[in-house]
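Subject: Structure for you to look at

Hello,

Here is the structure I said I would pass on, with notes on what turned up in it. Please open it alongside this message.

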Amino acid sequence: MLELLLDRFRNHDRNALSRLVSLVARGEQADEILAKVGPAARPARVVALTGSGGVGKSTLTGKLIEQIREHGQTVAVLACDPQSPLTGGALLGDRFRMPSRPNDDGVFIRSLAAAGGRGALAAHMDDLIRLLEAYGFEVVLIETVGAGQGDTAVRELVDALVVLLQPETGDDLQWEKAGLLEVADVIVIQKADLPGAERVEAQVLSTLALSMAPAPPVLRVSARSGLGLAELWSTIAALPLRRGSKKTDEDLLRFAQALLAARFAAARRDPQSDVGQLLDRWHRGEVDSPRAAQELLKRFMGQLEGQSHSRSKPD
């Protein structure tokens, strides 16, 4: 079943994409899936929109989808919603503020439930981004649950963090939002056609002036009137792809771990594999964990060497 889904995924089947997103979002077979789809041909631009509840993240996300499509790029949206206390799923009220675009294959939108304590994000977000990149989306937008000071974990996953503020924030800005302002790549005064937008902008600029770090752009935007939307997307698109420039040794280690996990899962399902016998011996205590792990690695390394030799043979 999984192999069939992966084949359809490689042929850009949207239903297969949706089902694989569901599996990865639940943490089911994620390592195997990601190892088999492989790395993306090119990195996506990953952008997160965060801010307090009611600031208009979903509405602005919908308008950004339109901007991105006007530039001819494909876009996927991962919208994190509060988790329902009854079903455990996402509360989907804000999705109605986004364009559905059912006939547009260049747009994919998925709501995800974000449990408490995850820094305004759903689980497995990094794996989901990699899956959407492998499918070929050029832009991935992440909408967080309403965030406050300290909800900055999302910045580690994205190229650009866009922090939304609104005129009603008023004098509470400095102590409620300082944590987010310090890590923002772009600051948006949303609903800028309402009274008080200039005052909030002045407060933001004053707060940023106290920091030693370079100040990010501060833009006034109104999703309702269209004010500043084109400038916002052009500003985001001009930022460097931060994720692609900060690969670490641990990135390769994680890929190797995913590849090993995929081979382990496949071997357990294969009745011809001797991995099952090794596992039985380990469960019975006939072989300890270090020795069992060494035997596993030897088996998988032998498989890799055999595949390498077969690929190197002339046709």
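Where does D185 lie? The residue sits in the loop that runs between α6 (173-183) and β6. Before going further, please keep in mind that this is a predicted model.

**The chain as a whole**

The protein chain has 11 helices and seven strands. Of its 315 residues, 44% are buried. Taking contacts between residues at least 6 apart in sequence, 75% join residues at least 24 apart. The chain exposes about 16,500 Å², and carbon and sulfur atoms supply 52% of that area.

**D185**

D185 has a relative accessible area of 13%, and because the cut-off for buried is under 20%, D185 counts as buried. Its side chain reaches the backbone nitrogen of L161 at 2.8 Å. The D185 side chain also makes a polar contact with the side chain of R242, at 3.0 Å. Not counting residues up to four places away in sequence, D185 touches R155, D159, A160, L161, P216, P217, L239 and R242.

β5 covers residues 160-165, and six of its six residues are buried. In a regular strand, side chains alternate between the two faces of the sheet.

- Strand β1 (residues 45-51) pairs with β5 in the parallel sense, over five bridges. Here L49 stands opposite V162.
- Strand β6 (residues 186-189) runs parallel to β5 and is joined to it by four bridges. Here V162 stands opposite V186.

**Helix α8**

Which residues of helix α8 (residues 229-237) are buried? They are L229, L232, W233, T235 and I236. Seen down the axis of α8, these residues fall within an arc of 160 degrees, so they line one face of the helix. They pack against β1, β5 and β6, and also against α4 (57-70), β4 (139-143) and β7 (218-220).

**Helix α2**

Helix α2 runs over residues 14-25. Its 12 residues reach 16 Å from the first C-alpha to the last, close to the 16 Å expected at 1.5 Å a residue. The buried residues of α2 are A16, L17, L20, V21, L23 and V24. They lie on the same side of the helix because they cover an arc of only 160 degrees around its axis. As background, an α-helix has 3.6 residues a turn, so residues three or four places apart point the same way. What covers the buried residues of α2 includes α1 (2-10), α3 (30-37), β3 (107-114) and α5 (125-135).

At the start of α2, a side-chain oxygen of D13 comes to within 2.8 Å of the backbone nitrogen of N15. After the helix comes G27, with a positive phi near 75 degrees.

H12, in the loop between α1 and α2, has a phi of about 60 degrees. Q29, in the loop between α2 and α3, likewise has a positive phi of about 60 degrees. Q29 is partly exposed, at 37% relative accessible area.

**P43**

Is P43 buried or partly exposed? At 49% relative accessibility, P43 counts as partly exposed. P43 is placed in the loop between α3 and β1. Its C-alpha is separated by 8.7 Å from that of F137, which is 94 residues away along the chain. Leaving aside neighbours within four places in sequence, P43 is in contact with E133, L241 and R243.

Regards

How values were computed:
Residues numbered from 1 in each chain as written. Predicted model: local features only at pLDDT ≥ 70, side-chain atom pairs only at ≥ 80, totals over all residues. Heavy atoms only, no water. Helix = DSSP H or I, 4+ residues; strand = E, 2+ residues; numbered from the N terminus. Expected span 1.5 Å × (residues − 1). Buried < 20%, exposed > 50% of the residue type's maximum accessible area, 1.4 Å probe, protein only. Arc of directions from axis to C-beta. Contact = heavy atoms within 4.5 Å. Polar contact = N/O pair within 3.5 Å; in protein donor to acceptor, adjacent residues only side chain to side chain. Pairing = 2+ DSSP bridges. Areas by Shrake-Rupley, 256 points an atom, 1.4 Å probe, with all protein chains shown as cover.
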